[in-house]
Amino acid sequence: YKITETSEGRPANDPKVLLCLWCYAYSQGIHSSRQLAEACKTRADFIWLCGDVTPEYRSLAHFRSNHTQALEDAFCKMIIALERLGLIKAKVFFQDGTKIIANASQASFMKRDKLEQKLEEARLAYQQFITHAEDHSESQSQMNIKKEQKIRRRLHAIKSAIKQVERISERRKKLNKKDRVQCRPEDAQASVTDPDCQYMLVDKDQNTIKPSYNAQICIDGDSEIIVGKGVSNEPTDEGRLLPMIEGVKKNLRVEDLDGVYVADGGYYKDQNIIGAKELGVKDLILPIN
């Protein structure tokens with residue numbers, strides 16, 4: 001895009017610049033679009049990358065959310081380039097995870113019967129809305145569009161929550177008898193504001209349980225460069241070892257992981273040991289809790 005005599009507005013941000021900014025920001029421990037936008041105004045290294053155009057935080061956030069797959073592809077290519085330059089020696093890999101608290105209150109969690117009741121109420125509200133006589137004034141039409149979008153989002157969220165309850169119930173049915181007593185399938189709940197999150201133990205010392213997500217990363221031990229990442233709603237780490245190994249292999253474009261792969265005891269189970277070997281991990285260090 002170029003400024004001409006007949007055009008209006010500021011120059012568009014070059015996608016190459018936005019991509020470089022995000023890649024460099026991650027290397028500097030910056031993950032927020034607001035923090036990145038501030039760095040572009042105050043830090044010499046980011047100002048140099050920006051050139052004459054300083055992007056706002058909304059532009060940075062929209063670029064990241066609208067081009068998720070492209071950013072992931074660029075991330076993989078960057079990992080391969082770093083490996084070819086000898087910055088990733090691929091001798092030792094470390095995987096660990098942390099819980100990220102979700103933006104969902106306890107009151108938003110409901111069992112299936114309550115969710116189905118809410119779904120019926122939302123459907124009824126939508127039927128009443130579409131059968132109501134329309135006001136063709138411009139202001140009222142805009143209000144009607146926003147109201148319809150709000151009801152549709154509500155319907156979608158409740159349906160997603162019901163599917164999540166079904167998934168949790170099925171997973172709990174596969175637990176051993178002792179665990180099923182504490183986590184009964186019929187007590188499964190999901191949030192209507194954030195259906196994907198689940199209750200997780202976020203602080204072992206204080207036994208704090210909150211709606212959260214399980215974020216995972218894998219780093220190269222020598223360079224400390226991130227070679228794999230992922231986010232899930234699984235409360236424990238047991239099920240996140242094999243998906244991460246597959247992701248690291250994909251990022252590095254390799255069939256086997258030479259060297260040592262290290263994780264803590266939270267990832268231990270017999271299936272993980274067998275699966276890691278099948279995925280080409282040469283040496284796995286996985287302590288028993």
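Asn214 is found in strand E5 of this predicted model. Asn214 counts as buried because its relative accessibility is 0%, under the 20% cut-off.

**Around Asn214**

- The side chain of Asn214 makes a polar contact with the side chain of Asp237, at 3.0 Å.
- A polar atom of the Asn214 side chain also lies 3.2 Å from the backbone oxygen of Glu234.
- Leaving aside neighbours within four places in sequence, Asn214 is in contact with Thr98, Lys99, Met200, Gly230, Val231, Ser232, Glu234, Pro235, Thr236, Asp237 and Arg240.

**Nonpolar cores**

- In soluble globular proteins, nonpolar side chains tend to be buried together.
- The largest nonpolar core here has 21 residues, and those that touch the most other members are Phe93, Val227, Ile245, Val248, Leu257 and Tyr261.
- At least two residues of this core come from each of helix H5 (68-84), H9, E7 and strand E8 (281-285).
- H9 supplies the largest share of this core, with five residues.
- A second, separate core has 16 residues, among them Leu115, Tyr126, Ala161 and Ala188.
- Val227, one of the core residues that touch the most other members, is in contact with Phe75, Ile79, Ile88, Phe93, Cys218, Ile219, Asp220, Val248, Asn251 and Leu252, leaving aside neighbours within four places in sequence.

**Loop residues with positive phi**

- Most residues other than glycine have a negative phi.
- Glu224 is not a glycine, yet has a positive phi of about 65 degrees.
- Glu224 sits in the loop between strand E5 (208-220) and strand E6 (226-232).
- Glu224 counts as exposed because its relative accessibility is 60%, over the 50% cut-off.
- Arg253, also a residue other than glycine, has a positive phi near 55 degrees.
- The loop that holds Arg253 runs between helix H9 (241-252) and strand E7 (257-262).

**Glu56**

- Glu56 lies in the loop that joins helix H3 (44-50) and helix H4 (57-66).
- Glu56 has a relative accessibility of 35% and therefore counts as partly exposed, a value between the 20% and 50% cut-offs.
- From C-alpha to C-alpha, Glu56 and Lys147 are 30 Å apart in space, and they are 91 residues apart in sequence.

Terms used
Residues are numbered from 1 along each chain as its sequence is written. This is a predicted model: local features need pLDDT of at least 70, side-chain atom pairs count only at pLDDT 80 or more; totals for chains, interfaces and linings use all residues. Side-chain values use heavy atoms; hydrogens and water are left out. Helices (H or I, at least four residues) and strands (E, at least two) are DSSP runs, numbered from the N terminus. Buried means under 20% relative accessible area, exposed over 50%, partly exposed in between (1.4 Å probe, protein chains only). A nonpolar core is a set of buried Ala, Val, Leu, Ile, Met, Phe, Trp, Tyr and Cys residues joined through side-chain atoms within 4.5 Å. Contact means heavy atoms within 4.5 Å. A polar contact is a pair of N or O atoms within 3.5 Å; within protein, one must be able to donate a hydrogen and the other to accept it, and residues adjacent in sequence count only if both atoms are side-chain atoms.
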